[in-house]
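Subject: Structure handover

Hello,

Here is the structure I promised you. Please open it next to this email and follow along.

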Amino acid sequence: MTITFAPAEPQQQRAETSAVCSHQSYERSVHALCHHSGQYLTLEETNPDRVWLFREQHDFPGFKELDDRFQKAAHAREYQHLMWSEPALRGGALLAGGALMLYGAGLAWTRSGQWANLFEGVLIFTLLIVGSLGALVMLGAGVWQIQSRNELFHRQTLGQRPAVDDFPLFGSYLVEISEVYEQDLVNDRRKKPRLTSSMGKVVVKVTPEPEAPQTYQTYRRLYGAHRHAGVGTHLFAGAVALEGLKWIRFLSPVDYDHRIVLRQPVDEQFVVNGEPRREPVSFHTEYEVQSEAMRVHLGTPYERPVLSGTARPDGFDSYTLVITFTWAGRPAKLVLEECRLTIPPELGGIEYVEYGRRVEENGVVEALWRNIVVEPDHPLSLKVRFKQPLLGKGAPEKLHGSYRMMAATAISGIEVSPKRIWDALGRNLPEHLQPVISAVSVCKGQLEIQIALLAQEHEYVATERVQIDREPDSELVSQLTEILAQMGVSIQRIEEALPRLDPGGALQHQLRYWDILGRKYELQELAALDVHVVVSGRTGGQRVAAPPTFIDIRVRCLYDPRSPQIAERANHVCNAIAGKLDTLSGQAGASARVPASADGGNG
C-alpha cells in the first residue's frame, strides 16, 4: 500500500529561464541596477558617460558624506545627471588670469632698460611687484578652488532638492524563504487526496548600519523643506531578484513579476515616534505554489511525488506496523519534526516504538516520533508493535495520526542568488556584507490508514543467481527450459537478443542474452508464481577457457501478510530451480551460487 500526494492536474508550464537581463541589450551578464529607474545594466551600460576633469555628478547636494558615497552609484545613460563644477571653473579662471599676469610682469621686466628715469623705473617696478603678488594670490586661490570644489559645491547648494526622493538605507541583508504544504495522506485509493494548501513567503530583512540613525537625522535636517514634495517620505534599500518561478503565483504585485523592491515609508518600521532605530527593516511578499511543484518530473509522462509514504505490516508479522517516508526532492537536510499515531484500545496498547516513544495524555495513547533526519532517496521507516494483531478480527477500522516534516530547501524551486541582491547604490553587496540566505519547506497533514486495505495482497520476490562455467548457447537454453517444464512451469515466452561484440574484449567474443518468462500454478494455495529467468554471458575462443555464464532467477508472487505460505513456496521454487542447474554444470563445467543481482523481499 502506498500513500502519495495527489497527482496534479495538467497546467501550462512557465519557462525556467531567468528574467534578469539588461533592459537595453537583453544580455544576461547583469552588472548593476540603476538606482533611479531600476533598469538592469551590464558593465558597459553602467555610467557610460564618465566623470572627468571639471564635469561631476552629484545625487545629494549639501550632504557631502552621503553624496561622496553615491559617487559609485549605478546610473543608466539617460539618468546620469552630470554638471560642470562652478568652483572648479572659477579656479581654472583664476589660474589662467594669474598666469597671464605673471607672464605680463615678466615681459615688462625684460624691458627695464627702456625706462626713461628713476621715477619711472621705481613706479614700474612697484607695479610689477604688486602685479606679481596679485598673480600669486590668484594662482593660490585657483588651486584652492579646484582642490576644495566638492566642499564649496555642497556649501553653495545647501538646501537644494536631492536627485532621488527616497532616503537610502544601507546595512546587512537576510533573506528567508519559507513554504508550507498541507496534504493529508490516505491509503484509500477511492479517495483522491489533494494538496489543500501550498503557500510561501519571501522575507528580506535589512539591519541598518550603525551610522544610519545619524545619517537620517542629517538628511531630514537638510532636506526637510522638500518633504511636502515627497522627499524623505520613503526609504530605499535596493532590490532582490527571484529566480526559479516556474510554479509560483504571487498574491500581490511584484516588480517585473520577479523582483522585490526594498522600498517602504520611513515611518513604517525605521522611524518610530520621530526617531530612527537600528532594528531590522522587513520586506516580504507572499505567493502560492502550484501542485505540480510537489512532483519530480522525470520526463513526460514519468514523474514521482517529492514526498511519499507507505504503510504496511512488517513482513509476516501482523502485530507490527511500518510507516515509511521517502523524499525525492532536491538534496537537502530533511527532518521529521513530529509524527503521531493514535492507538485505539482495540490493539491493546503499544509494546515498543522504534526511534520513538509511547505517550499518553487524557487517556489517549499515541506513538510519537520527533526530530529524525531523513536522508535523500533513503526511506525512513517507523515501526510500532501492538499487543493485539493489526489484522485480527477485533482490529479497528482505521488508524489516525499526523505528521510534520521540514526540508532545508524550497520545494517550489524559488531561489535567491547573492549576485541578485543590489543595495541602494544599485551595486552588489561588498564582500564584508555578503547576505545570509535560507530556505525552509514544511510539509504537514493528517494520516489515515485503512486497516482493511492493509490485509490486501502484497508482492513478494525471491531471487537467486547461479554461475556456470560454460558458454551460453541454444543448447543451454533448451536444457534450462526442459528443467522448468519438469518443475511444472508453463513457458510463456523466450526471447533472444541479437548477439553483439563485447566492447571490452577482443573481436572473437560475443555477448549473448536470453529472456525466459513462465508461470507456475500452485493449486493448493490457489495462487500463481511468475518465473523470470535471464541467461547472460559471452562466447569464448578456441584457445580461451570458457567464460562464465550467469543465470538470474526471479520468482514473484502476491501474498496476504496473514498467510505467508505462498511466499515460502516462492522461496522453495526459486531454490529448487537453482539446485536443478547443478545437472547442467555436471554435463559441462561447474556451477556456483553468487549474490543475486535483484533485490528480493516485500513489495
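Contact here means heavy atoms within 4.5 Å. Keep that in mind for the helix pairs below. One caution before you start: this is a predicted model.

**Helices H3 and H4**

Start with H3 and helix H4, which covers residues 149-156. Which residues of H3 meet H4? Trp144, Gln145, Ile146 and Gln147 do, and their partners in H4 are Arg149, Glu151 and Leu152.

Now the geometry. The two axes come within 5 Å and cross at roughly 75 degrees. Angles from 65 to 115 degrees count as roughly perpendicular, so H3 is roughly perpendicular to H4.

H4 also has buried residues: Asn150, Leu152, Phe153 and His154. What covers the buried residues of H4? The cover includes helix H1 (64-69), strand E5 (82-84), H2 and H3.

**Helices H2 and H3**

Next, look at helix H2 (residues 86-110) beside helix H3 (residues 118-147). Their axes come within 7 Å and cross at roughly 155 degrees. An angle over 145 counts as roughly antiparallel, so that is the label for H2 and H3. The crossing is left-handed. The contact of H2 with H3 is made up of 19 nonpolar, 8 polar and 1 charged residues.

Most residues other than glycine have a negative phi. Two residues here deserve a look.

- Tyrosine 26 has a positive phi of about 65 degrees. It sits in the loop between strand E1 (2-4) and strand E2 (32-33). Is tyrosine 26 buried or exposed? Tyrosine 26 is exposed, with a relative accessible area of 60%.
- Asparagine 47 also has a positive phi, near 50 degrees. Find it in the loop between strand E3 (40-41) and strand E4 (55-57). Asparagine 47 is buried, because its relative accessible area is 11% and the cut-off is under 20%.

**Cysteines**

A disulfide is a covalent bond between the sulfur atoms of two cysteines. How many disulfides does a search of the whole structure find? It finds 0. Cysteine 339 is buried, at 0% relative accessible area. Cysteine 557 is buried too, at 1% relative accessibility.

Best wishes

Methods: Residues are numbered from 1 along each chain as its sequence is written. This is a predicted model: local features need pLDDT of at least 70, side-chain atom pairs count only at pLDDT 80 or more; totals for chains, interfaces and linings use all residues. Side-chain values use heavy atoms; hydrogens and water are left out. A disulfide is a pair of cysteine sulfur atoms within 2.5 Å. Buried means under 20% relative accessible area, exposed over 50%, partly exposed in between (1.4 Å probe, protein chains only). Axes are lines fitted to C-alpha atoms, for helices over the stretch in contact, and angles run from 0 to 180 degrees between N-to-C directions. Helices (H or I, at least four residues) and strands (E, at least two) are DSSP runs, numbered from the N terminus. Angles under 35 degrees count as roughly parallel, over 145 as roughly antiparallel, 65 to 115 as roughly perpendicular and the rest as oblique. A crossing is left-handed if the near helix is turned anticlockwise from the far one by less than a right angle, and right-handed if clockwise. Ala, Val, Leu, Ile, Met, Phe, Trp, Tyr, Cys and Pro count as nonpolar, Asp, Glu, Lys and Arg as charged, and the others, Gly among them, as polar.
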